[in-house]
Amino acid sequence: MRTPNRRRDRRALPAGLLAAAVATAALLFSWADAAAANTDVEAIRNGGFNIGNHLTFWSCRGMVLPASGASSGLQGYPSDVDYAGCSQEVPVEPSSTYTLTANVQGPYVFVGATGTGGPDPSLWSNLPQSNVLQTTFTTGPSTTSVTVWFHGWYLQGPYVINRISLFGPGKPQPCWITLLPVAPTSPAALFTPTPGGGSFSPTPVTTIPPSPGSSVSPSTSSPGCLPS
């Protein structure tokens, strides 16, 4: 009577090991998913303005064109009725810190984000040479997307924005980008200043002067995308 019991025990052992292996694999996959979600990545698509018609993935109003004589970057031409700007809605993680960085040049260039779930950042500069605007903000506990925007100012001269980046926790996107039509973000999401023309003269925020030939780029500690 003991032999059949031992045979059943021997047959049951591999099944138990298999169940344990499946459970372990599931746990490892969940850890991998959690790690991917917490990786610092670039949240903005086409932040260098060098994809498609340069405005791909951006919703713009006013006269915003590819920068003259450059392979990337945009140039805005504010008028007396608009301030020539663009916006893009990007995914973010709740209760997470992000760094917003932009390389800009020209009179009264504004950069910021709305819908953060906390104090919305807004930066600007008024320098004739290329300079870097940078700030950090923390999303709210239920925030899953924010709108990043940039624009000039009424009746001021043309400005240039060479790159804009939002770097922080998120899931890496594929390195390739499908150039299909993208639903534009609402123009109302842009920061709307009060027309002031040449009489507007705020005090510029402190900027970070870049070294000669430098450009704005996110940290290289993570590729920020998944190879296709």
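Colleague: In which strand is E89 found?

Modeller: E89 is found in strand β5. A strand is a DSSP run of E with at least two residues, and a helix is a run of H or I with at least four; both are numbered from the N terminus. This is a predicted model, in which local features need pLDDT of at least 70 and side-chain atom pairs count only at pLDDT 80 or more, while totals for chains, interfaces and linings use all residues. Residues are numbered from 1 along each chain as its sequence is written, and side-chain values use heavy atoms, with hydrogens and water left out.

Colleague: Why is E89 called partly exposed?

Modeller: Buried means under 20% relative accessible area and exposed means over 50%, with partly exposed in between (1.4 Å probe, protein chains only). The value for E89 is 42%, and therefore E89 counts as partly exposed.

Colleague: What makes the link between E89 and S145 a polar contact?

Modeller: A polar contact is a pair of N or O atoms within 3.5 Å; within protein, one must be able to donate a hydrogen and the other to accept it, and residues adjacent in sequence count only if both atoms are side-chain atoms. The side chains of E89 and S145 are joined at 2.9 Å, so the distance lies within the 3.5 Å limit.

Colleague: Why is Q88 called buried, and what does its side chain reach?

Modeller: Q88 also lies in strand β5. Its relative accessibility is 1%, and for that reason Q88 counts as buried. The side chain of Q88 reaches the backbone nitrogen of R45 at 2.9 Å.

Colleague: What makes a set of residues a nonpolar core, and which members of the largest one touch the most others?

Modeller: The residues must be buried Ala, Val, Leu, Ile, Met, Phe, Trp, Tyr or Cys, joined through side-chain atoms within 4.5 Å. The largest nonpolar core has 27 residues, and V111, V148, F150, I161, I164 and L166 touch the most other members. Two or more residues each come from β5 (85-91), β6 (97-114), β7 (122-138), β8 (145-151) and β9 (159-169). β6 gives the most, with 7 residues. Apart from this core lies another, of 7 residues, among them Y83, W124, W149 and W153.

Colleague: What makes M63, L65 and Y77 a nonpolar surface patch?

Modeller: Patch residues have over 30% relative accessible area and no salt bridge; nonpolar side chains (Val, Leu, Ile, Met, Phe, Trp, Tyr) are joined within 5 Å, and like charges within 9 Å. A salt bridge is a side-chain nitrogen of Lys or Arg within 4 Å of a carboxyl oxygen of Asp or Glu. M63 has 46% relative accessibility, so M63 counts as partly exposed, and this value is over the 30% that a patch requires. M63 is in strand β3 (residues 63-66). The patch covers about 260 Å²; areas come from the Shrake-Rupley method with a 1.4 Å probe, and for residues only the protein chains shown count as cover.

Colleague: How many helices and strands does the chain have?

Modeller: The chain has 1 helix and 11 strands.
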